[in-house]
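Dear colleague,

Please find below the structure that I am handing over to you. My notes on its salt bridges and its cavity follow.

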Amino acid sequence: MGSNMGCAADYPSLFDGLFILEIFKNCSNPLTIVDISNQTKLSFSDTQKVCESLIKLGYLSKNHSKNRYSPTSKCLKLGLGYYNLSPLFQAAVPIITNLSANVEENIILVGHSRYQLTHIFSTITIDKVQPDFPGEQRNILYTAAGRSILSHLQAMDVVSLVFADERTSLSRRTITDPKQLMLEIENAAAKGFAVINGEKNEDLISIGAAILDAKGDPIAGIELEGPRSRLKWPKKRERLGSLIHNASETITGSLKK
């Protein structure tokens, strides 16, 4: 079959192209070549070449009057293969959907890679608590799923992460003391789930547990979020924590088959 896209040799490296596309995830405005070059550390000429290739491939568009670049809707298609074929997504969604039918709070699925959490999927049952959109990043230290994931990683690596993080206070309940954060992570390891008690938003409580792959490494997590008015009693948090933990173990079991 013929193609007007040219051969692979016509285009710069895949690494550089993906690197450029990734920087747009945290941008609120289109970027100039200088912006992209500064963020990627690529030379000006290399940045131009890669951006032109991404335009030919349909992943970037250029506003010629302002000389600024933006990702196109074709970038959304990159995620379709994941949603269609990911063993994690296929295993987790039915379990999360079933769990959502039995609780009153929102349930969220996040992916984990190298201390980075990415929102994948959510069921929304409480309009007042709007979770992040799919693809958005979440703070691994200040999400319940994130702390549970950290409880499955090497202790020294977690200590390094905790002490290196800025630990900005997000509310009067935010834990910024490294030793206290380590204690919360240790509690998550003991219980099988973590609880974030208003640390990001004083009126929001979340409960999360890690999902492991066949090697026992954390690759994702599920998290329940709800307003304090619904989750103010410790016994209810413990009960929901057990449900979240059981759901995460069921998903983990499916991934190991």
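In these notes, a residue counts as buried under 20% relative accessible area, as exposed over 50%, and as partly exposed in between, with a 1.4 Å probe and protein chains only. The model is predicted, so local features need pLDDT of at least 70 and side-chain atom pairs count only at pLDDT 80 or more, while totals for chains, interfaces and linings use all residues. Residues are numbered from 1 along each chain as its sequence is written, and side-chain values use heavy atoms, with hydrogens and water left out.

Salt bridges

A salt bridge here is a side-chain nitrogen of Lys or Arg within 4 Å of a carboxyl oxygen of Asp or Glu. Helices (H or I, at least four residues) and strands (E, at least two) are DSSP runs, numbered from the N terminus.

The structure contains eight salt bridges. One of them pairs Arg147 with Glu199, with 2.7 Å between the closest N and O atoms. Arg147 belongs to helix H7 (residues 144–150) and Glu199 to the loop between strands E6 (194–197) and E7 (204–212), so this pair ties together parts that are 52 residues apart in sequence. Arg147 and Glu199 are both buried.

Glu202 forms a salt bridge with Arg172, the closest N and O atoms being 2.8 Å apart. Glu202 is in the loop between E6 and E7, and Arg172 in the loop between helices H8 (155–164) and H9 (178–191), so the pair ties together parts 30 residues apart in sequence. Glu202 is partly exposed at 27% relative accessible area, whereas Arg172 is exposed at 66%.

A further salt bridge joins Lys191 and Glu238, whose closest N and O atoms are 2.7 Å apart. Lys191 in helix H9 and Glu238 in helix H11 (residues 234–256) are 47 residues apart. Lys191 is partly exposed at 43%, and Glu238 is partly exposed at 34%.

Cavity

A cavity is a set of points, on a 1 Å grid over the protein atoms alone, where a 1.4 Å probe fits but cannot get out; lining residues have an atom within 4 Å of a point. The search of the whole structure finds one cavity of 30 Å³ or more. The largest cavity holds about 60 Å³ of space. Its lining residues include Arg138, Tyr142, Glu199, Lys200 and Glu225. E7 and strand E8 (218–227) are the elements that give two or more residues to this lining.

Yours sincerely

Methods:
1 Å grid on protein atoms, 1.4 Å probe; cavity = no way out; pocket = protein on both sides within 12 Å on 5 of 7 lines; lining within 4 Å. Points joined across faces, edges and corners; volume = space filled by probe spheres on them.
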